[in-house]
Amino acid sequence: MSLKEIITVPDPLLRKISEPVERVDKELLTLLDDMLETMYDAPGIGLAAIQVAVPRRVLVMDIARKEEPKKPFCLINPKIVRVSQEMSIHDEGCLSIPEHYAEVERPASVTVSYIDRDGNEQERDFNELLSRVVQHEIDHLDGKQFIDYISKLKRDRIVRKLKKEARRANSVIL
Ligand code: NI
């Protein structure tokens with residue numbers, strides 16, 4: 001297993017639409033393990049493959065608290081098949097948009113079909129926090145970020161700040 005680098009906005013890769021996975025093989029299982037390790041290390045509760053620069057439709061999540069046993073989810077080719085009428089508003093952040101948060105309104109619960117790491121097709125309801133995380137991560141697979149749900153003014157301000165930080169990080173001080 002190895003830690004992967006998490007890419008951040010404004011990296012154009014984050015806008016790319018990820019490709020479906022065709023088979024669950026050893027390489028994919030290694031990617032899933034690396035993604036989990038990277039997510040726990042960050043630390044975060046969800047990570048999409050595109051955030052480690054791999055444009056495949058794969059995501060991992062785990063909302064267990066630090067003192068609780070780990071409860072990882074690995075979803076391959078996830079697809080939202082039903083959404084609740086009820087909506088929910090909550091603050092969101094993202095490992096690819098460090099230190100910025102915004103309120104996002106999403107369906108309160110969703111049903112998602114996906115392939116698990118054993119290669120079996122699954123369909124499962126996600127509620128509360130897991131529902132929010134799975135929707136946020138599936139957005140990443142379609143090149144979407146939580147800042148797309150806020151006003152253009154606020155979004156531009158966040159992107160400007162991140163661009164500035166990226167420039168600073170890449171600059172050479174002489
Ligand atoms: Ni994110």
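Colleague: By about how many helical turns are Asp156 and Lys152 separated in helix α3?
Modeller: This is a predicted model: local features need pLDDT of at least 70, side-chain atom pairs count only at pLDDT 80 or more, and totals for chains, interfaces and linings use all residues. Residues are numbered from 1 along each chain as its sequence is written, while side-chain values use heavy atoms, without hydrogens or water. Helices (H or I, at least four residues) and strands (E, at least two) are DSSP runs, numbered from the N terminus. Helix α3 spans residues 152-170, and because Asp156 and Lys152 sit four residues apart in it, their separation is about one helical turn.

Colleague: What joins the side chains of Asp156 and Lys152?
Modeller: A salt bridge needs a side-chain nitrogen of Lys or Arg within 4 Å of a carboxyl oxygen of Asp or Glu. Here the N to O distance is 2.7 Å, so by that definition the two side chains meet in a salt bridge.

Colleague: Is Lys152 buried or exposed?
Modeller: The classes rest on relative accessible area: buried is under 20%, exposed is over 50%, and partly exposed is in between (1.4 Å probe, protein chains only). Asp156 is partly exposed at 30%. Lys152 has 53% relative accessibility, so it counts as exposed.

Colleague: How many residues apart in sequence are the parts tied together by Asp33 and Arg117?
Modeller: The search of the whole structure finds 10 salt bridges. The side chains of Asp33 and Arg117 meet in a salt bridge at 3.2 Å, N to O. Asp33 lies in helix α1 and Arg117 in the loop between β6 (110-115) and β7 (121-126), so the parts they tie together are apart in sequence by 84 residues.

Colleague: Which strand holds Glu123, the salt-bridge partner of Arg82?
Modeller: The side chains of Arg82 and Glu123 meet at 3.1 Å, N to O. Arg82 lies in strand β3, and the pair ties together parts 41 residues apart in sequence, because Glu123 lies in strand β7.

Colleague: Which residues are linked with Arg106 in a network of salt bridges?
Modeller: Arg106 is found in strand β5 and is buried, with a relative accessible area of 2%. Contact means heavy atoms within 4.5 Å. Setting aside residues up to four places away in sequence, Arg106 touches several residues, including His136, Phe146 and Tyr149. In the salt-bridge network, Arg106 is linked with Glu92, Arg132 and Asp139.

Colleague: Which residues coordinate the nickel ion?
Modeller: Donors are N, O and S atoms within 2.8 Å of the metal (3.2 Å for Na, K and Ca); water is not among the atoms, so sites may look incomplete. The donors of the nickel ion follow the spacing C-x41-H-x3-H along the chain. At 2.1 to 2.2 Å, the ion is coordinated by Cys94 (SG), His136 (NE2) and His140 (NE2).

Colleague: How many residues apart are Cys94 and His140?
Modeller: Cys94 sits in the loop between β4 (87-92) and β5 (102-107), and His140 in helix α2 (residues 128-141). Cys94 counts as buried at 13% relative accessibility, and so does His140 at 0%. The pair links distant parts of the chain, with a separation of 46 residues.

Colleague: Which way do Leu59 and Met61 point from strand β2, compared with Val58 and Val60?
Modeller: In a regular strand the side chains alternate between the two faces of the sheet. Strand β2 covers residues 58-61, and these four residues are all buried. Val58 and Val60 point one way; Leu59 and Met61 point the other way.

Colleague: Which residue of β3 is the bridge partner of Met61?
Modeller: Two strands pair if DSSP finds at least two bridges between them. Three bridges join antiparallel β1 and β2, where Leu47 stands opposite Val60. β2 and β3 (residues 73-83) also pair in the antiparallel sense, over four bridges. In β3, the bridge partner of Met61 is Phe73.

Colleague: How far apart in space are Gly46 and Ile63, C-alpha to C-alpha?
Modeller: Gly46 has its place in strand β1 and counts as buried at 10% relative accessibility. Among the residues Gly46 touches are Met39, Leu95 and Val133. Gly46 and Ile63 are 17 residues apart in sequence, and their distance in space is 8.0 Å.
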